[in-house]
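Welcome! Please take a look at the sequence and the 3D structure below, and keep them at hand while you read.

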Amino acid sequence: MAENIVISELQSMDDLSATVELQKAVWGMEDTEVASPHTLRAIVHSGGAVFGAVAQGRLVGFCFGFAAPRAGEHWLWSHMAGVHPCFQRAGVGFLLKQAQRDWALSRGYRWMAWTFDPLQCGNANFNFNRLGVIAGAYSVNHYGDMQDGINAGLASDRLEAQWQLDAPHVHEMAAGAHRSDEQDLSDLRKLLYVDPEGATRHIRETAPDGGRYSIEIPLCIAELKRRDIKRARQWQLCLRQAMTDLLAAGYIVSGFAQGSETGCYILSRER
């Protein structure tokens, strides 16, 4: 289906206004929660960019970003990216991020960053295995209490994806390469996992010694929230603790492996 998707910059108020209904469809947002067309227009006017994906005569995906000075260098901060539920898993998100990357590289950006919910297995798999990001920062309840259809029920914890736009492996992945699904996980030490009896186990690591660690997450947090919100909250608290312990010790999230029942973050000291 990706060959029928047209990606372009959105600049007119009519085009920017079309994102409102799309945001509601993607996130289940109320009117007060969407990024307004006026805000998007200000971003475009001040040097940022909004990209849209059109299929079958309608807007089915969009993303936008703006400059974010960091350590003496300008990064592009990608604040929102979403695809209509009817067009997810059709390559639309990949096309949008690559258009955003091309735009950023042509303007001298070397890095792009954004936050995502670390309990969302699909987003983690896309970010690490289709785009080639790393992650080195975890923010607790980043946006405060959120009531949209995706985020309601849990704190808005976020992991920051960092994308080195000119890295060789990112060039390869832009051309269609995937990180291998057959990653070597044999040396990983488990910090958070589900045991054979189905119980969630969390092991605190007080003195990491340079080895590689794994942190599991549920395969579908939305389903778990519907079925057992208490356990979903337990997963989030354990994930938060495991992540912040290792990141504070100088580790980064360097990869992700998606299995049949859980996903697995890989943490190491290698960038």
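This is a predicted model: local features need pLDDT of at least 70, side-chain atom pairs count only at pLDDT 80 or more; totals for chains, interfaces and linings use all residues.

Residues are numbered from 1 along each chain as its sequence is written, and side-chain values use heavy atoms, with hydrogens and water left out.

**Aromatic pairs**

- The structure holds seven aromatic pairs; Phe, Tyr and Trp rings (for Trp, the six-membered one) pair if their centres lie within 6.5 Å, and planes under 30 degrees apart count as stacked, over 60 as edge-to-face and the rest as tilted.
- Trp75 and Trp111 are stacked, because their ring centres are 5.0 Å apart and their planes are at 15 degrees.
- This pair links distant parts of the chain, with Trp75 in strand S4 (residues 73-83) and Trp111 in strand S5 (residues 111-116), 36 residues apart. Helices (H or I, at least four residues) and strands (E, at least two) are DSSP runs, numbered from the N terminus.
- Both Trp75 and Trp111 are buried, where buried means under 20% relative accessible area, exposed over 50% and partly exposed in between (1.4 Å probe, protein chains only).
- Phe128 and Tyr265 are edge-to-face, because their ring centres are 6.1 Å apart and their planes are at 75 degrees.
- That pair also links distant parts of the chain: Phe128 is in helix H5 and Tyr265 in strand S12 (residues 262-268), 137 residues apart.
- Phe128 has a relative accessible area of 0%, so Phe128 is buried; Tyr265, at 0% relative accessibility, counts as buried.
- Phe128, Phe256 and Tyr265 form one aromatic cluster.

**Helix H5**

- Helix H5 covers residues 121-131, and its buried residues include Cys121, Ala124 and Leu131.
- Just after H5, Gly132 takes a positive phi of about 95 degrees.

**Charges over rings**

- Lys97 lies over the face of Trp114, 3.9 Å from the ring centre; the rule is that NZ of Lys or CZ of Arg is within 6 Å of the ring centre and within 35 degrees of the ring normal.
- Arg130 has its charged end over the ring of Phe94, 4.3 Å from the centre.
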